[in-house]
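Have a look at the sequence and the fold, then read on.

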Amino acid sequence: MSLDINNYYDTNNPYSELWKNVDTSKLPKRLNKLIIMEWVDFYQKFHLNCNDNFFELFNSLQNGDIYILKNTFENKFLNNLKSYVINEKFLNQESEFHKILNDVPNFCRFIDENLSKKYSFKQVKMTAYFFPFNDHKESLKIYEYLYPRWRTLKFISGYFENVWENTIPSDGIVDRVQVVRYPPKSGYLELHQDPYLYQKFFISSYLTKKGVDYVNGGMYAIDKNNKKIDLEKSIDIGDLCFGIATIYHGVDTCDIPQGSIDSIESGRWFLGLYTTESNYQENRHTGKPASL
């Protein structure tokens, strides 16, 4: 199956033509600067009132700026999501793997160093995968809550803002949410670039707070001086962080705070929003390790 990216751009969306004309060989690989905004201010400026501001945001992203949007998601929902994943998934389901085909269930996979060899880049983590076409099977309606915010990120990508919400794997592209635990002293994600072709950005939200729930480590990006920049010192639970997918980023190993007990709840937890090609597509567009 051949997919034409132009079918997903909204010609009435002012960001659309800008993204269509991007030279992908010139996409940023290094962080320029961190920009911190309240979610509501970002939404009003770059979505609701985008006709006056879309060049500003597009150029900022192309320069390699990464945005931290404060108070994007409610702590209550994220706390419920974490508890749901622990009790209904991690403690109740075996680790397994499923290709993204029409019968794919929501599932968990516990990736250790050995399983990590099967991936494009090295990683150790516990992951629960959720697909929108399975949302009706879960008592916690994850997509029902997440999509109103996620649509803004799709909109500023130039797409129809509800694109891929109702697709299934045989359509070629689907949305997929990951809820991830990086266990203390072992969890990490190798420095890498995410796939860019359909989802323009890496998109992460946070269920834990550095310095409170875990210490050291966490997500970082490489800046234009080849320095490792900690992205999480400015991040609170409920914030959302995003930037162009090609910017080099990774996750360093964390630890539990002194005096804390290592349990299934401990470590670094995050929520990842992804749009991915299904396994009906040959030569899927995937991420790759960084080569500095």
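Helices (H or I, at least four residues) and strands (E, at least two) are DSSP runs, numbered from the N terminus. What you're looking at is a predicted model, where local features need pLDDT of at least 70, side-chain atom pairs count only at pLDDT 80 or more, and totals for chains, interfaces and linings use all residues. Residues are numbered from 1 along each chain as its sequence is written, and side-chain values use heavy atoms, with hydrogens and water left out.

**Aromatic pairs**

- Rings of Phe, Tyr and Trp (its six-membered ring) pair if their centres lie within 6.5 Å; planes under 30 degrees apart are stacked, over 60 edge-to-face, and the rest tilted.
- That rule gives 26 aromatic pairs.
- Tyr 67 and Phe 242 are a stacked pair, because their ring centres are 5.6 Å apart and their planes sit at 20°.
- This pair links distant parts of the chain, with Tyr 67 in strand β2 (residues 66–70) and Phe 242 in strand β10 (residues 240–244), 175 residues apart.
- Phe 242 also pairs with Phe 201, and here the centres are 5.0 Å apart with planes at 70°, so it's edge-to-face.
- Phe 201 lies in strand β7 (residues 201–206) and Phe 242 in strand β10, so this pair ties together parts 41 residues apart in sequence.
- Tyr 67 and Phe 242 are both buried, and Phe 201 is buried too; buried means under 20% relative accessible area, exposed over 50%, partly exposed in between (1.4 Å probe, protein chains only).
- One aromatic cluster takes in Tyr 67, Phe 201 and Phe 242, along with Trp 19, Trp 39, Phe 42, Tyr 43, Phe 46 and Phe 58.

**Charges over rings**

- A charge sits over a ring if NZ of Lys or CZ of Arg is within 6 Å of the ring centre and within 35 degrees of the ring normal.
- Lys 154 has its charged end over the ring of Trp 150, 4.8 Å from the centre.
- Lys 228 lies over the face of Tyr 220, 4.5 Å from the ring centre.

**The cavity**

- A cavity is a set of points on a 1 Å grid over the protein atoms alone where a 1.4 Å probe fits but cannot get out; lining residues have an atom within 4 Å of a point.
- There is 1 cavity of 30 Å³ or more, and the largest cavity has a volume of about 60 Å³, taken as the space filled by probe spheres set on the points, which are joined across faces, edges and corners.
- Its lining includes Trp 150, Lys 154 and Phe 201.
- α6 (142–155) and β7 each give two or more residues to that lining, and α6 gives the most, with 3 residues.

Methods:
On a 1 Å grid over the protein atoms alone, a cavity is a set of points where a 1.4 Å probe fits but cannot get out, and a pocket is an open set with protein on both sides within 12 Å along at least five of seven lines; lining residues have an atom within 4 Å of a point.
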